[in-house]
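Student: I would like to learn how to read a beta sheet. Can we work through one together?

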Amino acid sequence: GRFVPGVILIRAEGELLPDTYAITSRLTIVNNMISAVITLPNDQYNRPRLLEHELGHAFGMRHVEEIGHIMHPIHESGGEKFWIPD
């Protein structure tokens with residue numbers, strides 16, 4: 001299968017929609033993360049903070065509409081700031 005319990009798999013391949021740098025899929029059961037798959041095409045691997053952003057999704061973080069926050073949905077508007085929103 002695609003998901004393996006207890007594992008975050010990072011795939012350096014795959015086709016994504018235009019203007020999408022990476023995507024994370026999670027398998028959860030009763031709000032517990034079982035595993036996640038991060039698709040990060042080879043031409044995007046060196047984009048600053050992108051892997052950290054996707055790892056945030058793998059662990060359950062959602063987008064934060066705050067300029068400079070690592071979980072901002074627009075990569076160019078994100079940054080290194082991190083806090084768990086209220």
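Tutor: We will go through the strands, their pairing and their order. Keep in mind that this is a predicted model.

Student: How do strands of a sheet pair?

Tutor: They pair through backbone hydrogen bonds, in either a parallel or an antiparallel way. Here, strand S1 (residues 8-11) pairs with strand S3 (residues 32-39) in the parallel sense, over four bridges. One place to look is Leu-9, whose bridge partner in S3 is Val-37.

Student: Do S2 and S3 run parallel or antiparallel, and how many bridges join them?

Tutor: They run antiparallel. Seven bridges join S3 to strand S2, residues 23-29. Then find Thr-24, which has Ile-38 as its bridge partner in S3.

Student: What do S2 and S3 form, and how many residues lie between them?

Tutor: They form a hairpin, with two residues between the strands. Look at Val-30 in the turn: its phi is positive, about 50 degrees.

Student: What is the order of the strands in the sheet?

Tutor: The order is S1-S3-S2, in an open sheet of three strands with mixed pairing. S1 and S2 are at the edges, and each has a single partner strand, so one side of each lacks a neighbour in the sheet. From one strand to the next, the twist averages 15 degrees.

Student: Where do the side chains of a regular strand go?

Tutor: They alternate between the two faces of the sheet.

Methods: Residues are numbered from 1 along each chain as its sequence is written. This is a predicted model: local features need pLDDT of at least 70, side-chain atom pairs count only at pLDDT 80 or more; totals for chains, interfaces and linings use all residues. Side-chain values use heavy atoms; hydrogens and water are left out. Two strands pair if DSSP finds at least two bridges between them. Axes are lines fitted to C-alpha atoms, for helices over the stretch in contact, and angles run from 0 to 180 degrees between N-to-C directions.
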